[in-house]
Amino acid sequence: MAKSRRDNNGNDASPKAKISRENISQALSLFKYLKPYRIKFVWALLFIALSAFTTSLFPLFLGKMIDAAVPGTTIPVAGNTGGLGLDLKNIHWSVNTTLLFIFLQLGAQTIFSFMRVYLLTEIGEKGLARMRQDVYSKLLSMPMSFYAEKRVGELSNRISSDLSQIQDAISFTFAEFLRAVFTLIIGLFFIFWVSTKLALIMLAVVPVVAVLAVVFGSRIRKMSGKAQDQLAESGTIVQETFQGIAIVKAFTNEYYEIARYAKSIYAVVQTAITNARYRGAFIAFMIFSVFGGIAFVMWNGINMVQAGELKIGLLVMFVIFSVLVGTTFAGFADMFSQLQKTLGATQSIREILRSDGEPVALNDIMVEPAFTLHGNVTFDHIAFSYPSRKDVQVLKDISLTANNGEQIALVGPSGAGKSTITSLLLRFYKPDSGTIFFDGKPAAAFPLSQLRKQMALVPQDIILFGGTIKENIAYGKPGATDAEIIAAAEKANAHLFISSFPEKYDTVVGEHGMKLSGGQRQRVAIARAILKNPSILILDEATSSLDSESEQLVQEALENLMKGRTSFVIAHRLSTIRNADKIMVIDKGVIAESGTHNELMNRNGLYRRLNEMQFDISELT
Ligand SMILES: Nc1ncnc2c1ncn2[C@@H]1O[C@H](COP(=O)(O)OP(=O)(O)O)[C@@H](O)[C@H]1O
Ligand SMILES: [Mg+2]
């Protein structure tokens with residue numbers, strides 16, 4: 001597969017794929033999304049054919065009109081009678097009759113064109129909606145390793161542009177292609193029907209020009225692709241700058257950013273000017289060859305008219321048909337590149353649809369009694385390395401037991417593997433060796449969604465969704481009542497600050513919860529977890545980014561949350577986990593020490609050292 005040149009710069013163009021029989025037949029497998037609309041599809045095909053046919057009648061009538069008006073053209077010319085049983089070439093209609101025919105033809109054509117556009121758009125939109133939904137469901141059920149390997153923003157851009165490309169193909173390119181084929185066939189038929197001799201002369205000129213135009217044109221397209229790349233690049237600069245505007249201003253680097261932007265803009269100008277030479281030459285060439293070609297054919301035709309071989313109206317008909325055929329032919333180049341892009345687009349969409357997601361439930365499920373957790377967790381000799389970095393063994397040999405209701409603290413230097421342990425607990429990944437047991441049963445005995453339904457995670461960086469506070473809390477239990485939400489907020493020490501907002505629970509939190517402070521966001525997340533009422537709770541450095549005042553409030557909220565559940569607490573500030581039932585000191589993928597705070601302080605080990613280090617720092621600040 002040929003990778004698109006714009007792939008790496010965040011530009012959204014779909015990559016092109018080779019047009020091969022295999023690629024096409026695989027792409028056609030996506031037609032199953034159009035299946036419910038197949039009857040409408042057949043109608044659309046019919047309307048495309050009809051509209052192409054009626055379009056071609058226009059030059060015919062126009063020619064006839066001229067013949068009706070120009071005197072002395074009623075002399076019959078030699079000609080075949082066509083398939084209609086009447087000699088269409090020599091038939092004489094009055095000017096008014098031809099006008100009537102033209103309006104009849106135009107009337108029919110408007111209906112056909114309207115129907116074709118309407119039907120194909122409907123089919124494209126509806127079919128694509130289903131495809132989008134499937135792709136989205138599939139993506140959501142992908143394992144975490146999938147997301148670790150791909151940049152999510154890029155991925156979602158890619159997918160939305162690929163889907164648009166496919167939709168365009170269904171609603172537009174496909175129709176254009178068929179129309180072009182029909183027009184070409186009908187146009188060529190009429191051209192030969194008017195005059196075989198003139199048709200052959202014309203065909204000696206047109207393909208030469210067309211091929212040159214295609215070659216020249218594709219070169220220019222490639223070059224304007226480069227300009228677009230550069231433009232996208234400068235767009236990225238703008239985006240980055242505004243995202244980090246606080247940093248730009250704080251460092252007084254406005255001038256630096258302006259210079260960076262100017263540099264990239266002038267690169268675009270440079271490319272565009274180079275392109276302009278080629279484009280100018282191309283347009284000049286096209287004007288010369290198209291009009292030159294028409295003049296040449298006309299000259300030949302006029303000679304034939306003077307020799308009495310052709311009527312003037314037929315000649316006009318012929319020229320219009322030739323232009324129609326010529327432009328249609330030139331349009332194929334663009335369609336060809338559209339087809340390649342569409343094939344590329346279907347390739348990545350099919351890849352996603354084909355891949356195996358996690359076996360998660362894609363409907364709203366209840367915890368089944370058989371799978372209800374009591375909160376006993378055992379890690380039995382767990383070893384693990386991330387699929388994307390197989391050579392680094394993150395966890396070497398981890399064994400631990402957490403009993404129902406216990407608080408287990410995981411501490412240790414950053415990068416030791418603490419978060420990784422919680423990821424395994426949530427079954428984001430499977431351990432390479434060893435087994436995780438829940439209530440004595442291996443994790444594999446539980447359906448994935450049943451397990452996750454009974455755990456809650458409060459991470460360090462809380463991401464709130466862009467709705468109201470109420471919606472964000474209710475995320476822990478979709479369909480929760482207002483009373484439940486308020487009760488959860490109260491336990492999370494969040495009710496007071498929420499009530500102080502003018503719109504209370506209906507306050508919109510803004511993108512990523514930007515309108516709330518860190519501590520407030522944390523407490524919304526805790527309320528969410530309380531509402532979920534999990535048996536197992538995971539707090540991953542939930543208080544480490546807070547100031548001491550909100551830490552106090554959050555700590556209280558966390559104590560409320562941990563009551564009666566098994567909790568895994570990763571803490572940066574060791575003062576917050578002093579009362580934990582067990583403290584596990586993780587270092588380089590193994591448990592270096594474990595015990596209660598007092599036990600560990602009495603040993604001259606890593607825990608005590610870490611404590612002493614933090615003590616020094618907190619004394620200073
Ligand atoms: N998704 C990932 N893919 C590959 N390596 C990872 C991934 N996440 C974490 N790591 C690596 O695993 C090690 C342990 O990370 P982590 O469990 O997050 O440590 P911490 O104890 O600070 O929570 C680190 O060396 C980190 O670079
Ligand atoms: Mg971590």
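H2 passes H3 in a left-handed crossing, a crossing being left-handed if the near helix is turned anticlockwise from the far one by less than a right angle, and right-handed if clockwise. The residues of this contact of H2 with H3 divide into 22 nonpolar, 7 polar and 4 charged, where Ala, Val, Leu, Ile, Met, Phe, Trp, Tyr, Cys and Pro count as nonpolar, Asp, Glu, Lys and Arg as charged, and the others, Gly among them, as polar. The structure is a predicted model, in which local features need pLDDT of at least 70 and side-chain atom pairs count only at pLDDT 80 or more, whereas totals for chains, interfaces and linings use all residues. Residues are numbered from 1 along each chain as its sequence is written, and chains are lettered from A and ligands numbered from 1 in the order in which they are written.

The axes of H2 and helix H3 (residues 95–140) come within 8 Å and cross at roughly 160 degrees; H2 and H3 are therefore roughly antiparallel to each other. Helices (H or I, at least four residues) and strands (E, at least two) are DSSP runs, numbered from the N terminus. Axes are lines fitted to C-alpha atoms, for helices over the stretch in contact, and angles run from 0 to 180 degrees between N-to-C directions; those under 35 degrees count as roughly parallel, over 145 as roughly antiparallel, 65 to 115 as roughly perpendicular and the rest as oblique.

Helix H2 (residues 38–69) also packs with helix H9 (residues 312–354), at an angle of about 155 degrees and with the axes 7 Å apart, which makes H2 roughly antiparallel to H9. Here the crossing of H2 past H9 is right-handed, and the residues of the contact comprise 10 nonpolar, 2 polar and 2 charged.

Helix H13 (residues 482–491) and helix H15 (residues 518–532) have axes that come within 8 Å and cross at roughly 125 degrees, and these helices are therefore oblique to each other. Glu-484, Ile-485, Ala-488, Ala-489 and Lys-491 of H13 make the contact with Ala-527, Ile-530 and Leu-531 of H15, contact requiring C-beta atoms, placed from the backbone, within 7 Å.

Ligand 1 is surrounded by residues that include Tyr-386, Arg-389 and Lys-418, a residue being near a molecule if its C-beta atom, placed from the backbone, lies within 6 Å of it. By class, this shell has 4 nonpolar, 6 polar and 2 charged residues, and its largest share, 3 residues, comes from helix H10 (residues 418–425).

Methods:
Two residues are in contact if their C-beta atoms, placed from the backbone, lie within 7 Å.
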